[in-house]
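User: Hi! I am new to protein models and would like to learn how to read one. Could you walk me through this one, feature by feature?

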Amino acid sequence: MSTVGHIKDLPPKKIGVTISDKSIDIDYEALEGKEKIIADICKEASKSDEIYLAPDPDREGEIIAWHIGGEIKKVAKNKANIHRIAFNEITKPAIIEAIQHPGDINEKKVAAQQARRILDRWVGYEVSPILWRKIKTGLSAGRVQSVALRLICDREQAIRAFKPEEYWSLYGKFSFDASTIVAELTHVGKKKAELKNEGDVKKIIKALNDVSFTIASITDKQRSKNPLPPFMTSSLQQAAFNQLGFSVKKTMQIAQKLYEGVEIGDPSGPVALITYMRTDSLRIADTALKQAREYISKTFEKAYLPSKANIYSARTKDKAQDAHEAIRPIDVATAPEKIKTHVSKDEAKLYELIWKRFVASQMTPALYAQRQVVISGDNKFTFKVTGSTLIFDGYLRVYKGEEEEEKEASALLPKELVEQQPLTLAGTDPKQHFTQAPPRYTEASLVKELEKEGIGRPSTYATILNTIQARAYTTRDAKKRFLPTELGMTVTSLLVENLAHIMDPKFTAHMEEDLDKIANGDVDRDKILREFYTQFKQDLETFIEKAGKGKRPAEPTDVTCPSCGKTKLVIRFAKTGEFLGCPNYPECTFTCNFTRTEDNKIVCVAEEAPKILDTPCPQCGKPLRQARGKYGMFIACSGYPDCKYIHKEKANFPCPQCGGDVIKRKWRGGTMWGCANYPKCKFAIFGDIEETPCPECKKPYLLKKYDKSGKVMLMCSDKNCGYKMV
């Protein structure tokens with residue numbers, strides 16, 4: 001039986017954590033809609049002789065096992081017969097092996113998950129209300145999400161402050177016999193060539209006319225390139241983004257399906273295709289290594305199989321995370337072409353990526369022949385050129401990463417070249433360049449940076465990326481790179497100024513290491529939590545005191561108010577987004593929308609005129625119009641104020657209390673559905689809905705919820721029914 005994810009969590013309307021001199025206590029509540037699931041599992045458990053708890057083999061899975069195990073203990077015949085089992089692949093042999101070697105719930109992993117959850121709750125619940133007071137309601141802060149946002153904002157600040165610098169490169173075209181060779185100027189005398197402008201280049205070109213050139217040296221060597229290791233979570237997310245264009249969220253959703261099982265024509269039902277997809281480990285089971293080597297031996301020539309298996313080690317020090325394998329196909333014999341006709345196109349693509357990377361990881365290196373030619377001009381000027389060609393493809397026969405797909409190896413330089421051979425300078429090719437600002441983060445490069453800095457864990461990256469976008473802290477530019485909004489920049493600036501401790505990437509990374517130590521049993525949970533809270537409470541009290549005194553922050557700009565001409569406009573925030581306003585309000589009421597140009601200048605944008613629609617008003621017959629109001633875009637009668645009709649999105653079912661219309665409304669930055677007869681009738685549905693009748697109780701709609709990974713869940717609003725579908 002499935003718990004369908006977590007069954008308990010901290011209460012939604014209070015912190016739920018009590019810290020005293022003796023202990024730190026946690027107040028858990030059953031999640032909405034999970035009461036029936038818990039009751040059904042406990043009912044069956046009360047009749048069972050042996051009970052196996054088998055959630056995912058990570059910290060989140062461990063807390064699920066701990067929660068449901070606690071409920072089962074209340075009804076079990078024999079508490080000693082409740083076992084914890086874990087496996088990295090959903091296959092018959094793996095599950096039988098797990099059942100034959102049952103264990104107990106890992107209390108250290110549970111403590112680590114609790115510590116992470118408490119830290120996140122403290123930061124989220126204590127800091128967010130201050131942001132509501134200082135900026136606007138509906139904002140949130142997070143222990144890890146805010147640091148990830150800081151990386152994006154810091155990068156944008158660096159881009160805005162960047163001043164491009166000019167530099168040049170110079171290539172010489174040298175001829176000999178009937179051939180030519182192109183090389184780059186690298187040194188002038190013994191100093192590295194630094195050409196800052198066109199004048200420097202012209203002086204060099206003029207001097208080259210009086211110089212004789214010879215080949216100073218030729219170096220031939222072979223270079224091998226080792227295969228990449230199999231995927232772990234972060235490297236899979238990066239490769240899927242770069243090669244397949246998949247978002248981190250999409251990658252994890254598809255990987256989850258491949259792990260749980262998909263229909264591929266097997267009469268026994270769904271088949272799991274990959275091992276567990278949330279892992280920091282590069283370890284591979286001996287049976288899988290043997291299977292891969294047998295496949296390579298049968299499929300390719302002898303030269304493609306190394307003398308012994310390739311072993312990889314991850315940088316992680318977390319022994320708990322290393323308990324899992326790397327991400328690999330469960331059965332190498334299930335080649336990608338065998339499943340393509342049975343699964344979706346995206347599932348096939350991701351499986352093929354995982355399969356190829358794993359098989360290639362157990363193959364021999366690729367081999368390149370490389371030649372470097374150094375050309376000397378009377379010992380005054382040095383030109384160099386390096387050429388290489390692939391002479392044995394090795395693992396590239398199966399898998400090419402992003403680098404290999406982006407560039408082909410250059411051709412090997414002519415063999416007839418010999419040292420001291422004279423050359424003729426047939427021409428020069430100067431090229432102007434400008435230094436480039438650091439690039440904005442993509443999902444892949446941000447995940448890489450988070451991993452490099454030790455911020456968060458691979459299993460949390462998808463949630464982090466979703467949150468900073470859902471809160472309108474970031475948008476995407478034309479190249480799908482993260483661009484912080486003015487709101488995101490302001491929130492980050494405020495947090496860095498007042499809570500520098502928790503906004504420090506190094507502190508956040510250190511905290512992740514402490515969570516790992518808790519999971520490994522090296523440090524006590526409450527010791528880490530108390531140390532954090534002592535500093536956090538001091539910083540928070542200072543922040544609260546400052547927040548109570550000052551006005552809401554308004555980011556100054558260089559734009560003079562066009563209305564009063566007395567002062568510079570400032571950036572302010574409202575429910576519909578940011579805008580420019582005059583700080584002399586209420587004496588001057590000028591406001592406007594704005595945009596930033598490529599060179600970071602702020603310019604006012606004329607307000608969009610109301611758009612007349614072809615649809616007639618149902619009350620007076622005049623055309624409806626679409627306009628922007630205080631709460632965003634809306635549709636109303638163009639005959640206002642004579643006709644006050646406003647279009648409301650209406651549900652296809654009547655109000656269950658009074659039979660009136662159920663309409664969509666704005667509520668606390670989100671949406672709700674409520675009776676049109678309010679306040680006489682107070683029927684309301686908070687959140688979004690899907691107008692699909694509940695299969696169990698036939699209620700005309702289902703509530704639409706989202707879990708931490710962004711997966712949509714549909715559930716019945718009647719707790720007595722308890723229907724839920726993921």
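User: Let's start with strand pairs. Which residue stands opposite Pro556 in β17?

Analyst: Pro556 stands opposite Val570 in β17. As for the general idea, two strands pair if DSSP finds at least two bridges between them. Strands (E, at least two residues) and helices (H or I, at least four) are DSSP runs, numbered from the N terminus. Here, three bridges join β16 to strand β17 (residues 568-574), and the two run antiparallel.

User: Before we go on, what kind of model is this, and how are things counted?

Analyst: It is a predicted model, in which local features need pLDDT of at least 70 and side-chain atom pairs count only at pLDDT 80 or more, while totals for chains, interfaces and linings use all residues. Residues are numbered from 1 along each chain as its sequence is written, and side-chain values use heavy atoms, with hydrogens and water left out.

User: And what is the average pLDDT of the protein chain?

Analyst: pLDDT is the predictor's confidence in each residue, from 0 to 100. The protein chain averages 89, and 94% of the residues score at least 70. Over residues 316-321 the pLDDT is below 50, and this stretch has 14 contacts in the model beyond near neighbours in sequence; contact means heavy atoms within 4.5 Å. Residues 405-409 also stay under 50 in pLDDT, and the model has six contacts for them beyond four places in sequence.

User: Back to β16 and β17. In what order do the strands of their sheet come?

Analyst: Five strands form an open sheet in the order β16-β17-β18-β19-β20, with antiparallel pairing. The edges are β16 (555-560) and β20 (602-605); each has a single partner strand, so one side of each is left without a neighbour in the sheet. Neighbouring strands of this sheet are turned by 45° against each other on average, direction ignored.

User: Which helix lies across this sheet's strands?

Analyst: That is α15 (residues 486-498), which lies across β16, β17, β18 (577-581) and β19 (591-596). To describe such a crossing, we use axes, which are lines fitted to C-alpha atoms (for helices over the stretch in contact), with angles from 0 to 180 degrees between N-to-C directions. Helix α15 runs at about 90° to β17.

User: Which strands are joined to β13?

Analyst: Ten bridges join strand β7 (residues 166-176) to strand β13 (residues 422-434), running antiparallel. In that pair, Trp168 stands opposite Gln432. Two bridges join strand β10 (residues 213-225) to β13, also antiparallel, and there Phe213 has Leu423 as its bridge partner.

User: How do I read a helix such as α7? How many of its residues are buried?

Analyst: An α-helix has 3.6 residues a turn, so residues three or four places apart point the same way. The expected span of a helix is 1.5 Å times one less than its number of residues. Helix α7 (residues 233-244) has twelve residues and reaches 16 Å from its first C-alpha to its last, close to the 16 Å expected. Buried means under 20% relative accessible area, exposed over 50%, and partly exposed in between (1.4 Å probe, protein chains only). Nine of the twelve residues of α7 are buried, including Leu236, Ala240 and Phe241. Gly245 follows α7, with a positive phi near 75°.

User: Is Thr364 buried or exposed?

Analyst: Thr364 counts as buried because its relative accessibility is 10%. Thr364 lies in the loop between α11 (345-361) and β11 (366-377). Beyond four places in sequence, its contacts include Pro227, Tyr304 and Phe392. For contrast, take Ala684 in strand β26 (residues 684-686): a relative accessible area of 29% makes Ala684 partly exposed. Ala684 is in contact with Met672, Trp673 and Gly674, leaving aside neighbours within four places in sequence.

User: What is the largest nonpolar core made of?

Analyst: A nonpolar core is a set of buried Ala, Val, Leu, Ile, Met, Phe, Trp, Tyr and Cys residues joined through side-chain atoms within 4.5 Å. The largest one has 118 residues, and Val127, Leu131, Ile274 and Leu350 have the most contacts inside it. Helix α4 (residues 107-134) gives the most to this core, with ten residues. A second, separate core of 24 residues includes Trp168, Phe174, Val373 and Ile375.
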